[in-house]
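Subject: Structure handover

Hello,

Here is the structure you are taking over. Please open it beside this email and follow along.

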Amino acid sequence: MITQPYQLYIERTDEAKNMARFYAMMIEPCLFGGASLTRRWGRIGTKGQSMIHHFDTENDAVSCFLDLVRQKRTRGYVTRTGQPR
């Protein structure tokens, strides 16, 4: 059972490089216990790609989630502000 909702949506834009990327993650409970981390990424305005990672415990999923957040923040991704697109 997931004790707390884990969801994140961040973007990285750079007009000079014609870059407009998004990265989204969420942790959800699995049918047989454990947790799954769903990641989606791509160009803003597209469906993008996705990947699902399965973990035996919620703590393992949260650890991976936080590592990925740290990596994306160092690459320049920031939380979106303003009106939804």
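Below are notes on the sheet, the core, the aromatic rings, the salt bridge and the cysteines.

First, the ground rules. The model is predicted, so to speak of a local feature a pLDDT of at least 70 is needed, side-chain atom pairs count only at pLDDT 80 or more, and totals for chains, interfaces and linings use all residues. Residues are numbered from 1 along each chain as its sequence is written, and side-chain values use heavy atoms, with hydrogens and water left out.

Sheet. Helices (H or I, at least four residues) and strands (E, at least two) are DSSP runs, numbered from the N terminus. Two strands pair if DSSP finds at least two bridges between them. Here 5 strands make an open sheet with antiparallel pairing, in the order β4-β3-β2-β1-β5. The edges are β4 (49-55) and β5 (78-79); each has a single partner strand, so one side of each has no neighbour in the sheet. Strands β1 (residues 6-14) and β2 (residues 19-29) run antiparallel and are joined by 9 bridges. Aspartate 14 sits opposite methionine 19 in β2. Strand β2 also contains glutamate 28, which is partly exposed at a relative accessible area of 34%. On that scale, buried means under 20% relative accessible area, exposed means over 50%, and partly exposed lies in between (1.4 Å probe, protein chains only).

Core. A nonpolar core is a set of buried Ala, Val, Leu, Ile, Met, Phe, Trp, Tyr and Cys residues joined through side-chain atoms within 4.5 Å. The largest one has 15 residues, of which Leu8, Tyr23, Met25, Ile27, Leu37 and Phe65 touch the most other members. Two or more residues come from each of β1, β2, β3 (35-43) and α1. Helix α1 gives the largest share, 5 residues. In soluble globular proteins, nonpolar side chains tend to be buried together.

Aromatic rings. Rings of Phe, Tyr and Trp (its six-membered ring) pair if their centres lie within 6.5 Å; planes under 30 degrees apart are stacked, over 60 edge-to-face, and the rest tilted. The count is 4 aromatic pairs. Tyrosine 23 and tryptophan 41 are stacked, because their ring centres are 6.5 Å apart and their planes are at 25°. This pair links distant parts of the chain, with tyrosine 23 in strand β2 and tryptophan 41 in strand β3, 18 residues apart. Tyrosine 23 is buried at 3%, whereas tryptophan 41 is partly exposed at 24%. Tyrosine 23 also pairs edge-to-face with tyrosine 77, at 6.3 Å centre to centre and 65° between the planes. Tyrosine 77 lies in the loop between α1 and β5, 54 residues from tyrosine 23. Tyr23, Trp41 and Tyr77 form one aromatic cluster.

Salt bridge. How many salt bridges are there? The count is 1, where a salt bridge is a side-chain nitrogen of Lys or Arg within 4 Å of a carboxyl oxygen of Asp or Glu. Arginine 70 and aspartate 67 form it, at 2.8 Å from N to O. Both are in helix α1 (residues 58-74), 3 residues apart, about one turn of the helix. Aspartate 67 is partly exposed, at 35% relative accessibility.

Cysteines. A disulfide is a pair of cysteine sulfur atoms within 2.5 Å, and the structure holds 0 of them. Cysteine 30 is partly exposed at 23%, and cysteine 64 is partly exposed at 22%.

Regards
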